[in-house]
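This briefing is meant to be read beside the sequence and the coordinates.

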Amino acid sequence: MSHKATCTAPSNIAFVKYWGARDLDRVVPENPSISMTLRSCVTRTTVEHSDEGGDDIVLWRPESVDDDAPLVLEEPPPSFAERVHRHLDHLRRRFGIEGRLRVATANSFPAAAGIASSASGFAALTLAVSAAVGERLDVATASTLARESGSGSASRSVVGGYVQWPAAWPSDDAVPVADEEQGGSGGGFAVQLAGADHWDLRDVIAVVETGAKETSSLDGHRRARTSPYFAERLLRLPRRLNTVRKAIETRDFSTLGPEIESEAIDLHCMAMTSTPPIYYWRPGTLEVLAAVRSLRADGVPAFSTLDAGANVHVICEPHHEEAVVARLDAIDCVRRVLRDGVGPGPAASGEHLF
Ligand code: PMV
């Protein structure tokens, strides 16, 4: 007997970043983070659970830009396969799964380049395994399990719209801490601040680099505390979290934009000043950041943010999307411009990968 399930889960772009963990093994973050769940950058994962014995099998579609291209599944690189097998083992123990799991996964966007493929990937894997073995998860459990993959941002990808993880909100004068009671294992789970239909924001992604980045976000979290700016940022974060949350609540783009752009620069300052330093930016990154400033000088409100990678996410309101796309398309070192926006979150699908 076998049972197959497919789920899609979107990536997300952090407005307030998760950077540094109080306990990296249990994925207990130093600070709450806030993100926008995307609509088009998704991972599709099919899981088949069968009674037959044998090792679990994991395949992936290496890189896809064209969804109409014939589907070719290959063995993933060992580092990726190892993380997936570790999470499968975790879910196996959690649900008491016996038998073999076959997994195939495909992204609709370049992996490991500042578009959170581990977030969408581990969210989709968690949901597809649960569905294949007949476990119905509430959102909090799905978010906790996704987080336990080791990718904290995956906890946010099981929720649509505007999302915060963990839910505990620090008071204005407190250094933020993760809520130990939330979610049981210390790192908590993600909650929705507002649904996708609350505010139609767009994310125009300038892809300047499609290869894998040199330093994983996991290593970044490990080094976070070595930056002299780390402690300083934590002190400023409660105010920033409140500002971003309020701007989302009131759909106040002129407050949200500058705040998220300066947050992204803070993240990269910490990365560049950690030991050893991490330079995610490429020359193209700086060109895009300059183009976004020049768009603003021309009266187009658009603001940049970057996760742990070279590619730039440009956030704007719908009526400015065309102007942003045109400006980014004209930059030589921009290899591709992806149009995305806020989305409703993961979904079950009948379109299996095998
Ligand atoms: O979830 P991780 O371990 O891949 O870390 C994500 C780190 C950032 O993307 C830089 C920030 C974030 O909150 O998504």
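A polar contact of 2.7 Å links the side chain of His-313 to that of Asp-203, a polar contact being a pair of N or O atoms within 3.5 Å, where within protein one atom must be able to donate a hydrogen and the other to accept it, and where residues adjacent in sequence count only if both atoms are side-chain atoms. The model is a predicted one, in which local features need pLDDT of at least 70 and side-chain atom pairs count only at pLDDT 80 or more, while totals for chains, interfaces and linings use all residues. Residues are numbered from 1 along each chain as its sequence is written, and side-chain values use heavy atoms, with hydrogens and water left out.

**His-313**

- His-313 is found in strand S11, which covers residues 312–316; helices (H or I, at least four residues) and strands (E, at least two) are DSSP runs numbered from the N terminus.
- His-313 counts as buried because its relative accessibility is 1%, where buried means under 20% relative accessible area, exposed means over 50%, and partly exposed lies in between (1.4 Å probe, protein chains only).

**Ligand site**

- The ligand is surrounded by 14 residues, of which the closest are Tyr-18, Ser-153, Arg-156, Ser-217 and His-221; a residue counts as near the ligand if one of its heavy atoms lies within 4 Å of it.
- The residues of this shell divide into 5 nonpolar, 6 polar and 3 charged, with Ala, Val, Leu, Ile, Met, Phe, Trp, Tyr, Cys and Pro counted as nonpolar, Asp, Glu, Lys and Arg as charged, and the others, Gly among them, as polar.
- A polar side-chain atom of Ser-153 lies 2.6 Å from an oxygen atom of the ligand, and for Arg-156 a polar side-chain atom lies 2.8 Å from a ligand oxygen.
- From Gly-152 it is a backbone N or O atom that lies 3.1 Å from an oxygen atom of the ligand.
- Taken alone, the ligand exposes 380 Å², and the protein buries 96% of that; these accessible areas come from the Shrake-Rupley method with a 1.4 Å probe, and for residues only the protein chains shown count as cover.

**His-221**

- His-221, one of the closest residues to the ligand, is found in helix H4, residues 217–223, and counts as buried because its relative accessibility is 9%.
- Although His-221 and Gly-20 are 201 residues apart along the chain, their C-alpha atoms are separated by 4.1 Å, and the side chain of His-221 reaches the backbone nitrogen of Gly-20 at 3.0 Å.
- Leaving aside neighbours within four places in sequence, His-221 is in contact (heavy atoms within 4.5 Å) with Tyr-18, Trp-19, Gly-20, Ala-21 and Leu-24.

**Arg-44**

- Arg-44 is found in strand S4, residues 33–50, and counts as partly exposed because its relative accessibility is 22%.
- The side chain of Arg-44 makes a polar contact of 2.7 Å with the side chain of Ser-349.
- Not counting residues up to four places away in sequence, Arg-44 touches several residues, including Thr-6, Ala-104, Glu-351 and Leu-353.

**Nonpolar cores**

- The largest nonpolar core has 61 residues, and within it Phe-15 and Leu-256 touch the most other members; such a core is a set of buried Ala, Val, Leu, Ile, Met, Phe, Trp, Tyr and Cys residues joined through side-chain atoms within 4.5 Å.
- In soluble globular proteins, nonpolar side chains tend to be buried together.

**Backbone details**

- A cis peptide bond, with omega about -15 degrees, joins Trp-165 and Pro-166, and Pro-166 is found in the loop between strand S7 (162–165) and strand S8 (191–194).
- A cis peptide bond also joins Thr-275 and Pro-276, with omega about -10 degrees, and Pro-276 lies in the loop between helix H6 (253–272) and helix H7 (283–297).
- Val-27 is not a glycine, yet has a positive phi of about 55 degrees; Val-27 is buried, with a relative accessible area of 1%.
- Arg-251, also not a glycine, has a positive phi of about 50 degrees, and counts as partly exposed at 45% relative accessibility.
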